Amino acid sequence: MERVNNNLDRRKFLKMSGITGAALAIGFNIPFSNGGNASIQNLNSDLPNGVTLNAFIIIEKTGKITLINPRPDMGQGSFQAVPALIAEELEVSLDQVEIKNSDGSKKYGSQLSGGSSSIRGSWEPLRKAGAAAKEMLIKAASSKWKIKESDCYALEGKIFDKTSKRSLSYGALVEEAAKLEVPENPKLKEPKDFKLLGKDGKRPDIPLKVDGEAVFGLDYKVPGMLYASIERSPVFNGRVAKYDDSKTKQVKGVIAVLKCERPMPHRKSESVAVIADNYFSAIQGRKALQVTWDDGEFGNVDSEGFFESLRNLAKSEGAVHHEKGEFEKTFNDAPKKLEFVYETPFLAHAPMEPENALAHVKKAECEIWAPVQGPDWLVDQVSKYLNIQPEKVKVNVTFLGGAFGRKAYYDYVLEAVHLSQKLNAPVKVIWSREDDTSLGPFRPGLISALKGGLDLSGNVVAFQHKVVAPSIQHQLYKSLQSGKSDGWAMEAIEEKDSPYKIPNVKYNFVLAETDIPIVWWRSVYASSNIFGHESFIDELAHASKKDPLKFRMEMLKDAPRHLNVLKILEEKSGWNQSLPSGKARGVAISRSFETICAHVVTVSKNDSGIKIEKVVSVMDCGMTVNPDNVKAQTEGNIIMGITAAIKDAITFKSGRAEQTNFHNYRVLRINETPEMEMHIVQNFEKPGGVGEPGLPPVAPALTNAIFNLTGKRIRKLPFNLNEV
């Protein structure tokens, strides 16, 4: 992953080519994470080669203001939230600006919508850029009026004279501002002065999506484009033995049938593409195609065997990720010991918009129109795949109809690139719902093996969490050193995230090799790890004969933000109030992506089984951009978390995924959705992530509630509410 250079000393200005008249273009560096300091600079075409610059604010002499959104919008609201960071300090409303997506160019730095990083990674550098531009415009106005800068202020795209109330628009000042140096440390607003940040705001993408004006990947067309529907082996890594396309070529509109490839990070697999001048013909031609596959050794893979191998691996030590005290001795000597295994399955992402990409390769250039989560990552992959310069790859990012990690895995784009190069024409590849559900990549299936020891007073004195799982970073990047722990796989359970006060702890990782394609799924490993972690904490609480919420609060007394979240949740959920017979509550808490979230789930018995009645949530994500969006993301996480807990897994038999569409890979329906009540902790802490942290504690809070209601402990997901 490319890091951005944060040590630039030169502060220059660029009059952007291609813009009518003078323009102020402010650039700054955005690192991948929210660590390090951001540099701000005027952009100058004579800067040394290789310096990574980012131009996100363009103010034209006409008065037009354009803000660049470097984080693709897949429904999480980045199209509003990211530009709002700039607009707040620039003193403009989003109604006054045009928002455009970045195109993968290096000058924009990290452009990944993933890891709940958009706001926490951009909070300071984006605000600094807005503040720097504002200070330059104020200085230009004060010089023109021959008054002090302190006698000027910015408001709604204008600079005002405090005394006379005269004003000049930003456009009228741009030429003078263009001659100034960018302030290295512009003054940022105090949170009490925010007009946009921390307030419920209208998302500019919503009207576009309601009236059909928004352009998604599936919508995009270019002149002369061809459509491709690809028949891929139902068995991962299967090879084409032979195919018969005689009936396919009889379908009107079909132009060609050719063998192609699906380039995945860990291997390429073979496939057959049907090319047509319209999508319907491509689909009909694919239905008529007859392919004989060579399944190879992968045809023996099945889910039962895979999870049995994980249970066997759990008997090994694996790699020690973190250790404190003397776990083995303390556990062995403990008067009461608990030891359980928790299992979470492979899952598909199932975004409403299946994968699609339009690519046009021309000699040593490539242009792409696609819903992707990280255009900069895609530029890097395409340039390597075609062996061309990154500067020759342009990505036009559309709105994404959901992604959840799937659209940061670019096999579907490289398929389009491959076919376009072969056919010397723009080609659009569209995956069917069946392709999307059954072909991966998937959230990895894993098990959590936990051990805990209690003393005679019911205090936890020894605790171990062993994660046995395939490694995403190992499969994607081959970056996991032999015998070492995968830090990603230990997500959300380390002491910084789960700071339970336990004197003797041990965290282990055991690698499970697999050729099943895997990738990030919303909240990545946290969604699986926290199910085991918080379920086991609950089991320890019951074994100690203590209230599960108070048990957690006692062990988190030295973690003030965690403790505060639980105190608020205790009050808002009415935890200490008795429930009528036939109802029960369960609780779980986790910290992931630098945000703490806890849920209390209320369940009840009904004639057919268990009903999920209500979820009360408390989230401490630090300062926010749009609280309404925080609530919406948390509600989405609750629905997705319940779906993962009680609906369908992706299972394999004879090397094939058994689930193909929403009839056997179901999602929670509106009539099944519980009441949701969400509370945001108000503070001035650095922003954490929002798009994912609400998901991990859903499943354990639910199963803990079911235990409190029925006495039955659920240690394997998914489960059937009607069979508890």
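Mentor: A cavity, in the sense used here, is a set of grid points where a 1.4 Å probe fits but cannot get out, and its lining residues have an atom within 4 Å of a point. Please keep in mind that this is a predicted model.

Trainee: How many cavities of 30 Å³ or more does a search of the whole structure find?
Mentor: The search finds 4 of them.

Trainee: Which residues line the largest cavity?
Mentor: The lining consists of R443, W521, S527, G641, A644, A645, L695, P696, A699 and L717. Helix α15, residues 627–646, provides the largest share, with 3 residues.

Trainee: What is that lining like by class?
Mentor: It has 7 nonpolar, 2 polar and 1 charged residues.

Trainee: And what lines the second largest cavity?
Mentor: Among its lining residues are R232, F236, N237, R262, M264 and L439. By class, this lining has 4 nonpolar, 4 polar and 2 charged residues.

Trainee: Changing topic, how many residues does the largest nonpolar core have?
Mentor: That core has 143 residues, and I368, L419 and F463 have the most contacts inside it. Its largest share, 8 residues, comes from helix α12, which spans residues 526–543.

Trainee: What other core lies apart from it?
Mentor: Another core, of 42 residues, lies apart from the largest one; V82, A129, C152 and I159 are among its members.

Terms used
Residues numbered from 1 in each chain as written. Predicted model: local features only at pLDDT ≥ 70, side-chain atom pairs only at ≥ 80, totals over all residues. Heavy atoms only, no water. Core = buried A, V, L, I, M, F, W, Y, C linked by side-chain atoms within 4.5 Å. Buried < 20%, exposed > 50% of the residue type's maximum accessible area, 1.4 Å probe, protein only. Helix = DSSP H or I, 4+ residues; strand = E, 2+ residues; numbered from the N terminus. 1 Å grid on protein atoms, 1.4 Å probe; cavity = no way out; pocket = protein on both sides within 12 Å on 5 of 7 lines; lining within 4 Å. Points joined across faces, edges and corners; volume = space filled by probe spheres on them. Nonpolar A, V, L, I, M, F, W, Y, C, P; charged D, E, K, R; others polar.
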